[in-house]
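Here's a friendly tour of how some chains meet. Have a look at the structure first, and then we'll walk through the contacts.

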There are 4 protein chains.
Amino acid sequence: MKVAVIGTTGYGGVELLRILQRHSVFHIQSIHSSRGEAPIWEEYPHLYQLNNQTLETIEPEKIAAEADLVFLATPSGVSGQLAAQFAGMDIKVIDLSGDLRLKNQDDYVKWYKREAAPQHAIDKAVYGLSEWNREQIAGADWISNPGCYATSALLGLAPVVKEKLINPAAIIVDAKSGTSGAGRKPTRMNMYAEMSENFQIYKVNEHQHIPEIEQQLMEWNEDIKPITFSTHLLPISRGIMATIYVQLQKELNIAQLNQLYQEHYQNAPFVRVYPEGHYPSIKGVSGSNYCDIGLHLDVRTGRLTIVSVIDNLMKGAAGQAVQNANIMYGLDETTGIDFIPMYP
Amino acid sequence: MKVAVIGTTGYGGVELLRILQRHSVFHIQSIHSSRGEAPIWEEYPHLYQLNNQTLETIEPEKIAAEADLVFLATPSGVSGQLAAQFAGMDIKVIDLSGDLRLKNQDDYVKWYKREAAPQHAIDKAVYGLSEWNREQIAGADWISNPGCYATSALLGLAPVVKEKLINPAAIIVDAKSGTSGAGRKPTRMNMYAEMSENFQIYKVNEHQHIPEIEQQLMEWNEDIKPITFSTHLLPISRGIMATIYVQLQKELNIAQLNQLYQEHYQNAPFVRVYPEGHYPSIKGVSGSNYCDIGLHLDVRTGRLTIVSVIDNLMKGAAGQAVQNANIMYGLDETTGIDFIPMYP
Amino acid sequence: MKVAVIGTTGYGGVELLRILQRHSVFHIQSIHSSRGEAPIWEEYPHLYQLNNQTLETIEPEKIAAEADLVFLATPSGVSGQLAAQFAGMDIKVIDLSGDLRLKNQDDYVKWYKREAAPQHAIDKAVYGLSEWNREQIAGADWISNPGCYATSALLGLAPVVKEKLINPAAIIVDAKSGTSGAGRKPTRMNMYAEMSENFQIYKVNEHQHIPEIEQQLMEWNEDIKPITFSTHLLPISRGIMATIYVQLQKELNIAQLNQLYQEHYQNAPFVRVYPEGHYPSIKGVSGSNYCDIGLHLDVRTGRLTIVSVIDNLMKGAAGQAVQNANIMYGLDETTGIDFIPMYP
Amino acid sequence: MKVAVIGTTGYGGVELLRILQRHSVFHIQSIHSSRGEAPIWEEYPHLYQLNNQTLETIEPEKIAAEADLVFLATPSGVSGQLAAQFAGMDIKVIDLSGDLRLKNQDDYVKWYKREAAPQHAIDKAVYGLSEWNREQIAGADWISNPGCYATSALLGLAPVVKEKLINPAAIIVDAKSGTSGAGRKPTRMNMYAEMSENFQIYKVNEHQHIPEIEQQLMEWNEDIKPITFSTHLLPISRGIMATIYVQLQKELNIAQLNQLYQEHYQNAPFVRVYPEGHYPSIKGVSGSNYCDIGLHLDVRTGRLTIVSVIDNLMKGAAGQAVQNANIMYGLDETTGIDFIPMYP
């Protein structure tokens, strides 16, 4: 199976290479970037002698002629337009950007503050939250890969939202991410000297993953109301933790809640629900495709704290993209992405 | 004015030295540790040639005879017993531990899981949240210095709690701290290789600063109900951010809320309320005694997000302790602690 | 092929698990620790649901009866005694400690400051510097796996030492390591708050890898004199850089030197010699078994600067151990350890 | 005494503000930047409410009319031209860039790869290595403040070079710096995700501080030959360690060498020579103006290892600049810069 990667010089793109170079079924046919031709190892010296490919320009027709599947690791704003060019061509598409996630163009304009992708492209894409959308993904030609924050929040919330166990108007997500989530463009905010020994809050209640999360939550439970959602920048490269606060509406104890989560994810090879009294840490999923979940029920307040962690470049981007590709092609879901977390 | 420091080898103790060695009024008469006699610079080489004092054993009567004021930078469980020994002696006491903070011994036993300090010692101590307790502090002989998490949460919550603007049963505090907060005893959790590129949640709803926060909140507003409180460990040395979520009960816009905070803190030299659209960062207070506060009102949900940051060793420990000492002795509150934050 | 791991709870041991769980030929028969029985995931939560094995006590006869190969990831001082117990049993041994590296017991006593392993155990072990000792390793029953610092220094020095191109009395190695090299025992020096924003020098000219390096260098070139060797602690988890300074004795330009290194390592799949003007970085080998080498010739002084980097837990420990196991069993040298570096 | 700061938005500039705002003699008259007018706190939020000044454009005549002394914290290439404009005006100048350090314009062109400052400006400036040039500095109108790497290397080498104790052709400096040394311009190399868990070598034997070091060494001892000098980037914000290797020519033991260093620096309040067996660490000088030095003599090789650490923004830039200003104006050398290191 031949695959092409567009937007290879970003962190999501190069993480795709880390996976695909060792994948037993997918073969990297070509890599592309708007920066023009250069050996990839000059951009990423860690690939010296491991990947001798040269970045190529982006010619959709040529790519569609040569590859079976293309990953768009291009930024939001670029991906949607690019995807539209592949419409009608004989190639499957997995888009890692936010451009095809929101079904309503107005939502996109409001939260992303730029023009939306064509509606036909949006409509063509299936939302690739692997654990909850396997059937649709299996039959899809186009996948819109979920956002990193959205993946951690949704996997953490799914069981209690679907089972209608919580107050639908009182969901609070306090999310923290490593700096690789902001991409490889140097900015003041992601400079080492600015982030080291630092911790910052940003885009308070204004992050563009909010409507993506709400769209999915409402699909699961139409009563869900707008959520409160904060994003913080951690002094680490990789990883996201979402600490989620919800108000239980039914009387359940922690054992029952853990049981519920275990059941919901019993067939999900990449979701690990920790036993009572144990909580996941970001380093515990580093370099892997796992989403680790821990729960704490505060009996004083009736509030449930849900902790959900992922590696933003794996389960939050490249890992889930390949997981979706595996599902699309009927492979074992874990093919090529069953990395043990790297610790320490 | 002669001061003694007990528990000098901990991070709070050595931060007291950093301040007191340059303080224009307080003079370090002696430094003490249970570890016995050794030059302090052997424990802390950065003090080589700057502090030539030798750690002394802890003899309360001798200390009381020689010093006017003693700082107890000893751990919870030790401080309370030690403080009790100073009762009746002619020396003022500032205790940085949690031992004298909870007025009710049962609360202490429940949350600290050990025996409480004698009630007479607890009763003697004034809670040293400098900004809100100046008059009592000014007349006090004993101060119980607030906890680091408690300081950041309480300074962030005070205006809306005192003004009864929020739902008293829906306060959620998502707190994050650097590793120095756990002290200088090496444990697996605070090893570099374990914390680097990591972020962990711990003591979910079980942190011993919870009753301290609730005690003060209820003093301000008796309707306040138990809070939800999570603590996380950041891969940094110093600093705390509390991201606080509250539900407004009155219709106020963000300008009014900012105005309210500005007014409440207009005479507080160490509290900086950021203008609308600006949020504090941990690095912005590093090495200083400032507590920086930023606000965001989510009009979709009516929830207010309050961001409060401090340096846990300064405003969260040694800095506030000296601030209280300044107030006790009628000095300008900022004497010796008006450090500009170190950036970057 | 069944393998056992002893000393599993250390960082070297758990890195062996990361490799061996995905190895296509070696199967983890059992894991052992002196700490007694406990599920490994309780020590290392990142292995939750990935490794359900329980740590077993160390019974050499039972291990030898059940496994074909045992990895000793135990500390120096323990490994040697343990290895001696396996003598005469039908099991191959790969020891990751320093106990079997020095052929002369007196050297061990001098540098390690403790009793040496039995001479018969020392004599039985082949030094496992994979790239330079393949034939002996292929025929060996016991391997003494090289030290992390030694690996980086020796791979960097080999070509110019073997070709006698440098002044044998003027080798200076300035080495820097991440904190995982010091193991998982919490000490003050490896606490996060002490190492963050820090960089320390330690064991100046006294590191126990010095005699190991000199022993191998002298085997390659008997004229080699004692080296100058400094070790520093980096605020990172993993990785070593050795910056090596040597004085050229023959007139060679940088192109010739690069050519020489390329030739010496043309059959070494895990050594990458960077082209002129490019230098390796620690992050460029993170999580991988590569040793990356870069060269700079200073024409003003005739000195050559050799930069050599490895991941101390992979090529410096577990990775090279499995590489040696692959060679011992006639497998492709890269089996199960051809991880792409994780970047960023 | 009124001072102006030009280039305030760089890290050196803002560190000058941290010092000058609390300096008892110097008063910040005005702050300047080529970026045009904006409140400084918008660039550096940690100065919110602490410094209410607005950045002004750079008008030399106006500055000279209003201030007694100007600090040029502008980049190399800018400073020299700017300094030349102040020639003939009634204002003292301290330039923190490299533009006035090399007495020979050709050297500047060769190492900085751009046009040199006018010779008259170069000639006018005294090299401000405070500890070794106090008399000239006291009488100077213009100071060229030393480079950060140069300061650490020169203070470490001075005693043995001046006393002619070492082989003048065998000086090797392995230097490591935090990322703030590269300034506040975002580049790929100083991004958090690229530097975290990383360590890089750069400008091998090509750093522009090399001629500055050699110029001073040759002034102390005309036999000194070109040095070998490597620079590495540490994953920290602040701090430099130079590990220096020299070959002793005279038979001296470590006690004698320590004694020699102690004597040379007995009147230097900011140089601390550690006792035998102790070595400085970068964190031990953080935020302070100290240069800490430790020595190790390897009796096997006759080589002396000199370890020298500074905070690159303090003793390596702003701190030494104010130290020089203090000397120029006859103040106590430590006025306003006697900060205790911040630890941890």
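How many residue pairs are in polar contact between chain B and chain D (both at pLDDT 80 or more)? The count is 16. Keep in mind that this is a predicted model.

## Where chain B meets chain D

On this interface, chain B brings 40 residues and chain D brings 40 residues. Put together, chain B and chain D bury about 3,400 Å², with 62% of that on carbon and sulfur atoms. On the chain B side, the residues that lose the most area to chain D are His46(B), Ile340(B) and Met342(B), which together make up 21% of what that side buries.

There are two salt bridges across the interface of chain B and chain D. One of them pairs Asp338(D) with Arg22(B), and their closest N and O atoms sit 3.3 Å apart. As for the elements involved, helix H1 (11-20) and strand E11 (271-273) of chain B each supply at least two residues of the side that touches chain D. H1(B) gives the largest share of that side, with four residues. Sort the chain B residues that touch chain D by type and you get 20 nonpolar, eleven polar and nine charged.

## Where chain D meets chain C

Now over to the contact of chain D with chain C, which takes 48 residues from chain D and 48 residues from chain C. Between them, chain D and chain C bury about 4,000 Å², and 53% of it is on carbon and sulfur atoms.

What about salt bridges here? Chain D and chain C have four between them. Among them is the one Arg300(D) forms with Glu214(C), where the closest N and O atoms are 2.5 Å apart. Chain D and chain C also have 38 residue pairs in polar contact across their interface (both at pLDDT 80 or more).

## The chain D side, piece by piece

Several elements of chain D give two or more residues to the side that touches chain C. Including both helices and strands, the list runs through strand E7 (172-177), helix H9 (192-195), strand E8 (200-202), helix H10 (210-220), strand E9 (228-233), strand E10 (240-247), strand E12 (291-298) and strand E13 (303-310). The largest share of this side, four residues, comes from E7(D).

And what kinds of residues are they? The side of chain D that touches chain C divides into 24 nonpolar, 13 polar and eleven charged residues.

Methods
Residues numbered from 1 in each chain as written. Chains lettered and ligands numbered in written order. Predicted model: local features only at pLDDT ≥ 70, side-chain atom pairs only at ≥ 80, totals over all residues. Heavy atoms only, no water. Contact = heavy atoms within 4.5 Å. Buried area = accessible area lost by both parts, 1.4 Å probe. Salt bridge = Lys/Arg side-chain N within 4 Å of Asp/Glu carboxyl O. Polar contact = N/O pair within 3.5 Å; in protein donor to acceptor, adjacent residues only side chain to side chain. Nonpolar A, V, L, I, M, F, W, Y, C, P; charged D, E, K, R; others polar.
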